[in-house]
Structure formats: structure tokens, C-alpha cells
Amino acid sequence: MPARDVLDARLLFVTGKGGTGKTTVALALARAAAAEGRRVVLVEVDSHRPTLAAWLGIETAYTPVPAGPGLDVANVTWLDALVDWLTGIVPVQRIVRLILTNRMVHLFLDVTPGSREVVLLARIEALLHQYDQVVVDLPATGHAVSLLRVPQQSASLFPTGPLRRTLDGLVVLLARPDTQVVLAALPEEMVVNETIETWQKIAGFRPPLALPLVVLNQALSPDPDPRWREQVRRLAALQPEGPAGEVLRAGLWEAEREEITAEALRRLAREVRARVVVVPLLDTLADPLERVGQVEARLVEALAETSA
Amino acid sequence: MIPPDPIDLLLERRVIVCVGSGGVGKTSTAAALGLEAARRGRKVLVLTIDPARRLADALGLRATGNDVCRVAVPGAPSEGALDALMLDTRATFDDLIRRLAPDEVRRAEILDNPIYRLVSDSFGSSQEYMATEKLYDVVVSGRYDLVVLDTPPVKNALEFLDAPGRLARFLDRRIVKWFLTPYDENRVFGRVLVGTSGVVFRLLGVIFGREFLADLSRFFVAFRDMYDGFRDRHEAVVRIFEDRSTAFLVVCAPNEASLDVATFFREELLARRLPLAGFVINQVHVADAGAVNVREVLRPLLADLRPARARVVLARCESAHARLRAVAAREVPVRDRIRRYASPELVHREIPVLPEPVRDLAGLDELARHLFGEREACPGAILVPGRSDPRPTA
């Protein structure tokens, strides 16, 4: 599946180990798709501390709010998603209220495996009716994989009933070729390990879930001439004092960054069947939106190369 | 007399819980604390959470399940030892059931129950809950002087702190009774239930399917008279958390998102009167030298390089240093805000970004040196070591 498709995907899940820049990637992809004329909604899942709100300087809510041309954002909270889902099944508001105000029901939902994830995913599916593309900024990988696994996993528990029908719908949705997962990663060894593990888990999904793209953030493409790295290393080993020391340590860090980027690319190429796009170390712009803009430009450029 | 440094006192506790957002070096910090404590003659267990095998990576271990691995610590006295354990959520849950179930039959009944299997594998908070369960287990075993718990990366601090309560609520007598009622004494599902509960229960039957409710009832039946055991353990875990021999250490990185999480943890810990031990800020970039004329300061060192080569090295170092300064400048306000939380009783450590991620004992050793301040020269550290240790001054 060509990586170019991520901009055409109907449903895009973005995840990655903590600190790998997945929210940046999610927003960059959403903006890129919107810039091509699609109506896009970027969704945070049950976020208690919505990052997007702070970045965009707007109040995000369960109901999508505009965040730019063609782009809305929403924070899909569990209780609101539950009300929506129940309303779809039990059209009488009075009964929905009766269910929701019952303490036992809350306990019940708390203990029912996957019920939380199912209503969240059901809301995400519902958003597909209003938008050309839904981009989901998922929680960090461990939790994201269990969330995506829920429809398949809990189906056996519910042989009949509306919940089962929702689950069946979600299984079909996740298996569609235009439902895709994008992983954010860093060239650091442990992050690469987790990226490979996540890829293996998702590649093992039956029915399959498409994962066409890994975005390698804060990478430094290696200078083909390795000599500068050796020279910097030799000089840094002298441990000069003062400013010279600081400058050389900065240089050494970037030399190491080039090497771990090369190693990350080798390992990902060997173990992950997905396109890897390198987003170079940015000059750390203070404004997160400027960073998003740079990542967006880089992704658009890289994805265009694939389709050419 | 100089008062003892809070970080030295930290190692004398019985439990250290490392909390914070993901990707900030929580696992490495936990392992480095364990390493140093072992060197000081304590028997230490570092307990971490399985999915990404973080600790295994850091310690170069390759173990599965709930097996304890002994880590060789060069230079540790004979009474000191460092063990590492990666939590296997499912195995821990199974162990718990084996311990609490009254007999063999019931044990099998629960372990084979489809709802149990799903809950123990992928229940929203199973990982968090089982981390605390395992913590209780090893603390009570008395085999260790110190247990360092590396918590799962959770978005919301409450999720971790509330995990033990969740299963206790799950097995709340009232809900169990409520679910068991329609099935008691072989009554059929359609029996008359009175009032709101009856209506709601029937609705749940419609929504989730009767089969599920029947399974759930069997599940609760299987757990009958084990509730006290769960509740007692929950209360015991809470007592461990609240105990003064426990310390919660907030680990973060100098960026806004991580600061938010750290701030939230601090508030939560204070509000719940849980023992906050302080802050470790990892991955700090410091550029002290200011606007350096890179050519000038490096020229003497580059004398033996051919001019073309020297130019390449200069250009790269120049851009690297500019980038370092930009990053460092951006981190200053975040570090200042964390410093405002500092007090003489609290740990406050800023750890420089290390040239390579911690992935073996040598890396942990370097991290421990930064944490505990016995710093000989640390070759390759990105910054001037002296600056990485701004203890609260007043």
C-alpha cells in the first residue's frame, strides 16, 4: 500500500511511544489533508489534558470546533460518546437518562471489558459521516494497541445485541484499506525497539490493519562522508574546558545522532514493512505550530516522492 | 553539620515510585536509583511494566514473565544486590487469583472464565492495577530493602493512583449482589425485578445481550467470598502508598507537556497526602558559553587538520552549537518553573542530556553519577557537569 494513501485515508490513527511527537505528526497530517481540500477532523481520545487546545489556542470539546481551513478538532470524551451511542440504540431520551443516572450502570460499564473503547471508537466512526477524513491522536503505543484490538477481542463475549452489532461494524471499519495507522518514532534505540514491536503487533491483526507509514522525528540524515564524525569524536575525547568543550559536545551529539539515525533506518527497513519518512531535527522553534508547519511541509514533500 | 542531601535519604526508603509522562527516562532513572542503592549495600528490586520491555533494554536483560533477574553490580558490597523484574500483567493477575481462590475448582473456574481472560489481558487499568499488586507482593515478601517501581506511562495521574481502587469497586458487594440477583437459585433472567433497577437491568440485557449478562453473573459467582481478600489487599496497597517509608519521585523532561504532567502529579500527591520526594528533570540541554565564536575557540584544536577538513568540522560544530543554544534557551522557563517547587527536603536534580540513550550498565552508571553527584569527569556529557546540579540555594 503506497504511503501516499495516508493523505487519502478516511480514518487515520496516529500513535507512538511517549515523547515521539505523535500529536505533532497527527496535526501535520490533518493539516496536509485539509490543505488538499478535504474536510478533516482531528480527534483526541478522552484526553484529560488536551494538548491541541493549548497549541491551537482554542477550547476543544466533544463537538468538533473549527481550527483552520477545512480542519476541525474534537476531544472525544467517554461519557459523551456513551450518551451518543446509547441514544442510537434507545431513542427515548428519558430512558437514556435513566440508564446514565444509575450508579450500577456506571459500575457495570466500568467492569465490562472494552465498553469504554467501543463507545469511543463508535463515536470516531460516526464522525466519518460528517468528514472526508478523521485523524485520531491515539494514546501512547501500549494503550493504543489494546484500544485497536478491542473490537476483535471482545466480540466473543457478546454473541447478540446492539453492542455486538457495533463491534462487528468496527471490525469491518478497522480492516478497510483506507483505515490506516501511522507510527511516530525517534531514531533512539529503545524507541525503535518499541516501534518494531508495535508494528509486529499490528501486522498480526486479523483481519489486517494497514500501517503504511512510520515518521522518524528528530532524525539527522547521516553525512555520507563519515570523517567529520570521527574527527569530532577525537577532538571531544580531549575534553577541552570551557566554550570549546561545549561546542564539541554539541558537535559530538549531532555526530551520534547521525549514526543512530542510520542504525534506526537500517533496523526499520529490515523489520518493518512500511515507508519510513525522516523528519530532520528542527531548529527547535519555540512555537509548536511552527514546528507542526515544518513537519507538515516535510511530510507532504516526502509523500509526494513516493507517489511519483 | 551539612544536612544530608534528600537524594541520599531517598535511597533509605523502602519504596520509591517513579511517576511522570512517557519518554522522559523514567525507567532509566528507576534503574539508576536501584543501581546506586545496591552499591550502598541495599537489596533492591526494580519493578517495571512489560509492554515495551524498557528496563530489559536498559539493563540488557532478555527475560519474560514474572521472573526476577539478578543484575551484576560491579563494586557493590556483598550485602547489596540489584534485581529487576518486568511485570507480566496476566501472570500477576493469575497469581493473585491462585492466592485468593479458596480451592482448586474455583481457581480453574475463574482462570477459564472468558470475561476474566479478557479483563486480565486488556482491562483498561489492568496494568496499573497489577503493578500495584506486584508491588504489594514484593514489599510484603520482605526479600528487599528497597523496591523501585517504574509506573506505566499514563496520561492521567489519577489512573495510576486509582488503579487499586478500581478492582475493589469492581467487586463491590452491592454491584455483585445486583448482578447475582436475577440468577440466584436458578431463576430465569426474565424474573420480575422491581423498580428502576429492574428496568435498567433489562435494558442492559437488551444492549449487551443476555449471554453476556449470564457470563458476567457466572464471573461474579466465581468470585464470591473472595471480595474481602481483594478489599484487604487494596487497603494494604493504599497503606504502602501513604507510608512515610515510601517516596514518590516525579520524573520529567524540560518541555511544556512533561511539565504539565509533573505539575499535575505534584498537585495530586499533595492533595492525597502522599509522600512526594521531589523532581528529576532529565534530558536537560545547557549552553553556558553563550554566543561563542566557534572558529576562534576550535582553531587551536584543529591545527593538524587539512583546511578543507577543518572547515567541515567547524561548520558542523557551529550549527550544532547554535541548535543546542536554541534548545537550551527554550528549556530555561520550564526548568525555572520546576525549580519553584523545590525545597530543602525535596530532591531536585537536573540531568544533562546524555550523548547516547541509556541502554546498558555503563549508561545507568553515568546517570547515577549525575543523580548522586559523585562526579568525576563525565566524558561525553553534553554539558558542563557543574551546571547540572542546581540544588535549591535558599
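Author: Start with helix α3 (residues 78-89) of chain A and helix α6 (residues 115-127) of chain A, whose axes come within 8 Å and cross at roughly 70°. An axis here is a line fitted to C-alpha atoms over the stretch in contact, and angles run from 0 to 180 degrees between N-to-C directions. Helices are DSSP runs of H or I, at least four residues, numbered from the N terminus.

Now the side of α3(A): A:Trp78, A:Ala81, A:Leu82, A:Asp84 and A:Trp85. They meet A:Ser115, A:Arg116, A:Val119, A:Leu120, A:Ala122 and A:Arg123 in α6(A). Contact means heavy atoms within 4.5 Å. The residues of this contact divide into seven nonpolar, one polar and three charged. Asp, Glu, Lys and Arg count as charged; Ala, Val, Leu, Ile, Met, Phe, Trp, Tyr, Cys and Pro as nonpolar; the others, Gly among them, as polar.

This is a predicted model, where local features need pLDDT of at least 70, side-chain atom pairs count only at pLDDT 80 or more, and totals for chains, interfaces and linings use all residues. Residues are numbered from 1 along each chain as its sequence is written, chains are lettered from A in the order in which they are written, and side-chain values use heavy atoms, without hydrogens and water.

How confident is the predictor in chain A? In chain A, confidence is lowest in helix α5 (residues 103-111), at a mean of 71. Strand β5 (residues 133-137) of chain A is highest, at 97; strands are DSSP runs of E, at least two residues.

Chain B has 16 helices and eight strands. Buried residues (under 20% relative accessible area, 1.4 Å probe, protein chains only) make up 57% of its 394 residues.

Notes. Buried < 20%, exposed > 50% of the residue type's maximum accessible area, 1.4 Å probe, protein only. pLDDT = per-residue confidence, 0-100.
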